[in-house]
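Here is a short report on one protein chain.

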Amino acid sequence: MGRRIVDLPAMEMTRAGVDFEEMDEKLEDAVIAKFDDLAVMHHMADALRWADVFGGSIIVIGINDGLQLDQPLNESGIKSVEFLRVYDRYQT
């Protein structure tokens, strides 16, 4: 029963997906395909669940910019988004 109480709001909030307004149709298709590849809505639902259960969560975005993870993001060097990871507030 407890699991259902946590799962239902997260699933309801993410079930419809996202809507990109005023975006070129070809670009929108590419973005939606990447969202599907990365399972963005699944990770968003997980983050919402962990936030409810543990009082907070974070999604870490693995961006390939040619630098190490401990260095600041090089916005002009972004090649791709590699992964998403969800952590609760107590994970280190």
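This is a predicted model. E22 sits in the loop between α1 and α2, the latter covering residues 25-38. E22 counts as exposed because its relative accessibility is 85%, and exposed means over 50%. The phi of E22 is near 55°, a positive value, and E22 is not a glycine. Most residues other than glycine have a negative phi.

A39 also calls for a look at its backbone. A39 has a positive phi of about 55°, although it is not a glycine. A39 is placed in the loop between α2 and α3. Is A39 buried, exposed or partly exposed? A39 counts as partly exposed, because its relative accessibility of 30% falls between the cut-offs of 20% and 50%.

**The fold**

The protein chain contains three helices and two strands. Along the sequence, the pattern reads α-α-α-β-β. Residues 24 or more positions apart supply 54% of the contacts with a separation of 6 or more.

The radius of gyration of the protein chain is 16 Å, whereas a compact globule of 92 residues would have one near 12 Å. Along the principal axes, the C-alpha atoms fill a box of roughly 45 × 35 × 20 Å. Of the 92 residues, 22% count as buried.

**Surface and charge**

The protein chain has an accessible surface of about 7,300 Å². Carbon and sulfur atoms hold 54% of that surface. How many side chains are positive, and how many negative? There are 9 positive and 18 negative side chains. The centres of the two sets lie 8 Å apart.

**Helix α1 and its cover**

Helix α1 spans residues 2-14, 13 residues in total. From first C-alpha to last, α1 reaches 19 Å. That is close to the 18 Å expected at 1.5 Å a residue. The buried residues of α1 are V6, A10 and T14. Their cover includes α3, residues 40-54.

T14 belongs to helix α1. T14 counts as buried because its relative accessibility is 10%, and buried means under 20%. Which residues does T14 touch, leaving out those up to four places away in sequence? They are M41, M44, A45 and L48.

**The loop between the strands**

Strand β1 covers residues 57-64 and β2 covers 80-88, and S76 lies in the loop between them. K79 is placed in the loop between β1 and β2 as well.

S76 is exposed, because its relative accessible area is 72% and the cut-off is over 50%. S76 and D65 are eleven residues apart along the chain, and their C-alpha atoms are separated by 8.0 Å.

K79 is exposed too, because its relative accessibility of 59% is over 50%. K79 and D65 are 14 residues apart in sequence, yet 5.7 Å apart in space, C-alpha to C-alpha. Leaving out residues up to four places away in sequence, K79 touches N64, D65 and G66.

The accessibility values of the residues discussed are set out below.

| Residue | Relative accessibility | Class |
|---|---|---|
| T14 | 10% | buried |
| E22 | 85% | exposed |
| A39 | 30% | partly exposed |
| S76 | 72% | exposed |
| K79 | 59% | exposed |

Terms used: Residues numbered from 1 in each chain as written. Predicted model: local features only at pLDDT ≥ 70, side-chain atom pairs only at ≥ 80, totals over all residues. Heavy atoms only, no water. Helix = DSSP H or I, 4+ residues; strand = E, 2+ residues; numbered from the N terminus. Rg over C-alpha atoms; globule rule 2.2 N^0.38 Å. Buried < 20%, exposed > 50% of the residue type's maximum accessible area, 1.4 Å probe, protein only. Contact = heavy atoms within 4.5 Å. Areas by Shrake-Rupley, 256 points an atom, 1.4 Å probe, with all protein chains shown as cover. Lys, Arg positive; Asp, Glu negative; His and termini not counted. Charge placed at Lys NZ, Arg CZ, Asp CG, Glu CD. Expected span 1.5 Å × (residues − 1).
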